[in-house]
Amino acid sequence: MSRSTISAPDLRWLLAAVFGLLLAGCGPAKVIVEGNFPPPLMAPLPMKLGIWYPEDFSGHEFFDQAKSRSDSDWLVQTGAAQVQMWDTLLAGMFVETVHMKGEPGPGQMNQLVDAVLIPEVDELQYAIPAHTNVKVYEIWMRYRFRLVTTGGDPITDWTMTAYGKTPTAFLQSDAAAVNLAAVMALRDAGANFATNFARVPEVKTFLDELHVEPLETGL
């Protein structure tokens with residue numbers, strides 16, 4: 001009768017594989033934010049806007065390490081949802097939007113536009129029930145926007161905040177609640193931007209020089 005055996009090197013590989021699987025099972029709770037973002041209900045500004053998403057923005061994610069053994073790590077990826085929301089919003093706000101071929105700067109052969117908008121997530125904070133003992137998930141974001149020429153010369157920059165929250169009562173999982181809070185924060189960002197873009201003093205001056213007449217929003 002034959003009997004199978006495992007050699008010492010094979011045993012080490014097997015233990016390494018099992019340990020790897022255990023580590024993978026202990027990874028962070030991961031949320032890839034997904035949602036629907038309706039276009040704004042407004043007359044578009046007669047302006048050709050260039051858009052440049054820095055890599056940190058289009059691939060934006062945040063990681064929060066567990067504070068205790070009863071807590072868990074969280075990895076929330078918002079980049080794809082950010083691009084989806086801002087593409088939808090800006091396409092509805094301006095008569096024409098153009099994605100730049102490269103980051104605006106001296107000598108860059110970009111398409112001709114009136115100005116280029118560069119958004120960044122300047123800061124993000126979130127709270128989950130494990131942090132606050134309240135059954136509410138919250139996400140707060142601060143954006144920084146730069147409006148520049150195709151040559152990268154600054155026109156103006158400003159910041160804007162957005163906030164989203166959702167209770168747990170109607171959701172089946174923590175991940176669903178975090179996703180919905182992020183979607184609500186993105187929608188809040190879109191509404192704030194559409195309402196206040198033309199009210200930023202330096203933007204208003206720029207639009208006046210272009211003879212662009214802002215119209216009322218219906219977002």
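Reader: Where is Val-148 found?

Author: Strand E7 holds Val-148. Helices (H or I, at least four residues) and strands (E, at least two) are DSSP runs, numbered from the N terminus. The model is predicted, so to speak of local features takes pLDDT of at least 70, and side-chain atom pairs count only at pLDDT 80 or more, while totals for chains, interfaces and linings use all residues. Residues are numbered from 1 along each chain as its sequence is written, and side-chain values use heavy atoms, with hydrogens and water left out.

Reader: Is Val-148 buried or exposed?

Author: Start with the cut-offs. Buried means under 20% relative accessible area, exposed over 50%, and partly exposed in between (1.4 Å probe, protein chains only). Val-148 has a relative accessible area of 4%, so it is buried.

Reader: Which residues is Val-148 in contact with?

Author: Contact means heavy atoms within 4.5 Å. Leave aside neighbours within four places in sequence. Val-148 then meets Pro-104, Ala-115, Val-116, Ile-118, Asp-153, Pro-154 and Ile-155. Take Pro-104. It is 44 residues from Val-148 in sequence, yet 7.7 Å away in space, C-alpha to C-alpha.

Reader: Now the whole protein. How many helices and strands are there?

Author: There are 6 helices and 8 strands. Along the sequence they follow the pattern α-β-β-α-β-β-α-β-β-α-β-β-α-α. The protein has 219 residues, and 37% of them count as buried. Now take contacts between residues at least 6 apart in sequence: 68% join residues at least 24 apart.

Reader: Next, sheets. What order do the strands of the open sheet have?

Author: Strands of a sheet pair through backbone hydrogen bonds, either parallel or antiparallel. Here two strands pair if DSSP finds at least two bridges between them. The open sheet of 3 strands has the order E1-E4-E3, with mixed pairing. Strand E1 (29-32) and strand E3 (61-64) stand at the edges. Each has a single partner strand, so one side of each has no neighbour in the sheet. From one strand to the next, the twist averages 10°. Angles run from 0 to 180 degrees between N-to-C directions, with axes fitted to C-alpha atoms.

Reader: How many Å should helix H5 span?

Author: The expected span of a helix is 1.5 Å times one less than its number of residues. H5 (residues 174-196) has 23 residues, so it should span 33 Å. Its end C-alpha atoms are 33 Å apart, which agrees.

Reader: What covers the buried residues of H5?

Author: The cover includes E1, E4, helix H3, strand E6 (115-127), strand E7 (136-148) and strand E8 (154-167). The buried residues of H5 include Ala-177, Leu-186 and Phe-193. H3 has buried residues too, among them Trp-86, Leu-90 and Met-93.

Reader: Which residues have the most contacts inside the largest nonpolar core?

Author: A nonpolar core is a set of buried Ala, Val, Leu, Ile, Met, Phe, Trp, Tyr and Cys residues joined through side-chain atoms within 4.5 Å. The largest one has 52 residues. Trp-86, Leu-90, Tyr-143, Trp-158, Phe-193 and Phe-197 have the most contacts inside it. Elements giving two or more residues to this core include E2 (45-51), H3, E8 and helix H6 (201-210). H5 gives the most, with 10 residues.

Reader: One last case. Is His-60 buried or exposed?

Author: His-60 is at 11% relative accessibility, so it counts as buried. It sits in the loop between helix H2 (55-58) and E3. Leaving out residues up to four places away in sequence, His-60 touches Gln-77, Thr-78, Gly-79, Gln-82, Val-121 and Leu-124.
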